[in-house]
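Trainee: Could you walk me through this structure, one topic at a time?

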Amino acid sequence: MSRCVSVNGFMACSLYTGLMICNPSTRQIIVLPILPPRHAPDMRGRCLGYDPVDDQFKALALISSRLPNNYSVEHLVLTLKGDKKKYSWRQIQGNNNIPPYSPVTMRVCINGVVYYGAWTPRLRMNAVIVCFHVRSEKITFIKAPKDVVQWWADSILMEYKGKLASIVRYPYSRFDSFDLWVLEDIEKHEWSKQTCEIPFSVWDSIEDGNMSFPGINKFGEIILAPTFLSRYHLRPFYIFYYHVETKNIRRVRLEGIADDENFRRCYGIGKNVGPCNVFISPEHVETLRFL
């Protein structure tokens, strides 16, 4: 299972066989129908979108097929309303002129649009951001800097002050800086870039040096968090907040998890088990709504 993403109060969790939607506040869980078996779905190609105009949730799934010189992508959508027993995936209409592309990044939904990075028409050829407009179900492209999709599944898309943004850094080692790319003008496909430096003192609080970027809080601070809980030691668990404008970074200790022996024992965290992944959804808001 991949990381869970919160969309307007509902968590979307990709499973190997499909997509699960849940509301942590009401504990409602909906497992969507298994995708058509004729092609293996892209594990990164299932997500939840929300249209604030019609107050409507839709799930999007991509099924990629390899052609001789490029990829063909089939777009399936499911509208979450009515009788759940009648839920079914359907092909979206009116997108016959979409050029071939290969989706490579995770998805993010911002103001009724689901964004994800891709190469078109072949891998590593032209970097683009694909836009799925939840209400109209149209597919459009935005030109993107190569760096934005360079690391494929490790590429990070998020919302920054209401705009699409990307965190770019080398994902396989410790780092002392990262680049923040922001889509400033959607119509002109214009991006801005700012390099952010990370103090070396941050790593004194991290055991293995693996960090993730879960998102941005309401104050405009970029969130950094350890990717794993320690397998071997009781130690504090910290989350870091980087303010882009002031370049200040603050550290907040989250008590009762990595430093609590009872918690570790209840959830099987220890030397003889695999790593315990940490997934954080800072954009989550509580809702008592049922789908």
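Trainee: What volume does the second largest pocket have?

Mentor: Happy to start there. A pocket is an open set of points on a 1 Å grid over the protein atoms alone where a 1.4 Å probe fits, with protein on both sides within 12 Å along at least five of seven lines. Grid points are joined across faces, edges and corners, and a volume is the space filled by probe spheres set on the points. For the second largest pocket that gives about 360 Å³.

Mentor: A word on the ground rules: this is a predicted model, where local features need pLDDT of at least 70, side-chain atom pairs count only at pLDDT 80 or more, and totals for chains, interfaces and linings use all residues. Residues are numbered from 1 along each chain as its sequence is written, and side-chain values use heavy atoms, with hydrogens and water left out.

Trainee: Which element gives the largest share of the lining of the second largest pocket?

Mentor: Lining residues have an atom within 4 Å of a point, and this pocket has 18 of them, with V73, E74, H75, N95 and I98 nearest its centre. Strands are DSSP runs (E, at least two residues), numbered from the N terminus. The largest share, five residues, comes from β7.

Trainee: Why is the pair of Y50 and F57 called tilted?

Mentor: Rings of Phe, Tyr and Trp (its six-membered ring) pair if their centres lie within 6.5 Å; planes under 30 degrees apart count as stacked, over 60 as edge-to-face and the rest as tilted. The centres of Y50 and F57 are 4.7 Å apart, and the pair is tilted because the planes stand at 45°.

Trainee: Is Y116 buried or exposed?

Mentor: Y116 forms a tilted pair with Y101, 6.3 Å centre to centre and 40° between the planes. R107 also lies over the face of Y116, 4.2 Å from the ring centre; such a charge needs NZ of Lys or CZ of Arg within 6 Å of the centre and within 35 degrees of the ring normal. Buried means under 20% relative accessible area, exposed over 50%, partly exposed in between (1.4 Å probe, protein chains only). At 0%, Y116 is buried.

Trainee: In β22, which residue is the bridge partner of F237?

Mentor: Strands pair if DSSP finds at least two bridges between them, and six join β21 (residues 237–243) to β22, which run antiparallel. Within β22, the partner of F237 is L254.

Terms used:
Helices (H or I, at least four residues) and strands (E, at least two) are DSSP runs, numbered from the N terminus.
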